[in-house]
Amino acid sequence: MLTCARFAEILRLLADHDVEFVVVGMTAGILHGAPVTTVDLDVVHRRSPENVARLLGVLAGLGAVYRHDPRQLRPAESHLLGPGHQLLTTTHGDLDCLGTIDQERGYEELLGQTVEMTLTGGRTVRVLSLPALIEAKERSGRPKDLAVLPVLRATLDEVKRTP
């Protein structure tokens with residue numbers, strides 16, 4: 001399982017290297033206050049050559065290789081420029097670099113449904129909004145996503161009640 005400190009370190013490194021990305025998946029839920037756990041950090045990154053170059057630099061520093069691949073292959077620019085999912089393991093836990101999510105929406109399409117959150121140390125990251133996360137999980141229809149919806153909805157209700 002990915003601990004808070006470990007995924008926070010990955011987020012800090014991405015922010016420190018000016019990688020453009022949106023935190024999605026259950027890590028987004030956790031950052032919004034949902035009392036859940038996750039085994040990986042999911043991000044949707046901007047698929048521009050400049051951003052992918054910065055992302056590759058961070059991934060190299062984290063020793064990122066493809067999960068469940070005995071060859072220990074490292075991601076390449078061509079992998080990260082595409083819309084596919086790059087399921088990686090790093091020295092700080094599992095990191096999924098996603099080209100798109102939810103109806104093939106990429107970084108640019110998701111930006112309008114994000115909020116900015118400040119990390120310890122003052123760096124900011126973009127996180128998929130809680131309503132957008134709920135909608136994406138509803139549309140996915142996967143059992144694991146449907147199972148967490150009551151918790152995410154309750155978290156959203158609590159956030160709305162908190163001044």
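How many bridges join strand β1 to strand β7, and do the two run parallel or antiparallel? In this predicted model, two bridges connect β1 (residues 21-24) with β7 (residues 124-128), and the strands run parallel. Valine 23 has valine 127 of β7 as its bridge partner. Helices (H or I, at least four residues) and strands (E, at least two) are DSSP runs numbered from the N terminus, and two strands are taken to pair if DSSP finds at least two bridges between them.

Residues are numbered from 1 along each chain as its sequence is written. Because the model is predicted, local features need pLDDT of at least 70, side-chain atom pairs count only at pLDDT 80 or more, and totals for chains, interfaces and linings use all residues; side-chain values use heavy atoms, with hydrogens and water left out.

The open sheet comprises seven strands in the order β3-β4-β5-β2-β1-β7-β6, with mixed pairing. Its edges are formed by β3 (65-66) and β6 (114-118), each of which pairs on one side only. Strand β4 (residues 85-90) is joined to β3 by two bridges in antiparallel orientation, with valine 65 standing opposite threonine 89. Six bridges link β4 to β5 (residues 93-98), also antiparallel, and a hairpin connects these strands through two residues. Cysteine 97 in β5 is the bridge partner of glutamine 86. The covered face of β4 consists of Gln86, Leu88 and Thr90, whereas His85, Leu87 and Thr89 make up the uncovered one.

Residues up to four places away in sequence aside, valine 24 touches Asp42, Val43, Val44, Leu98, Ile101, Leu110 and Leu128, contact being heavy atoms within 4.5 Å.

Buried denotes under 20% relative accessible area, exposed over 50%, and partly exposed the range in between (1.4 Å probe, protein chains only). In helix α6 (residues 130-140), Leu130, Ala132, Leu133, Ile134, Ala136 and Lys137 are buried; their cover includes α2, β7 and α7 (143-161). At the start of α6, a side-chain oxygen of serine 129 comes within 3.2 Å of the backbone nitrogen of alanine 132. Glycine 141, which follows α6, has a positive phi near 70°.

How values were computed: Polar contact = N/O pair within 3.5 Å; in protein donor to acceptor, adjacent residues only side chain to side chain.
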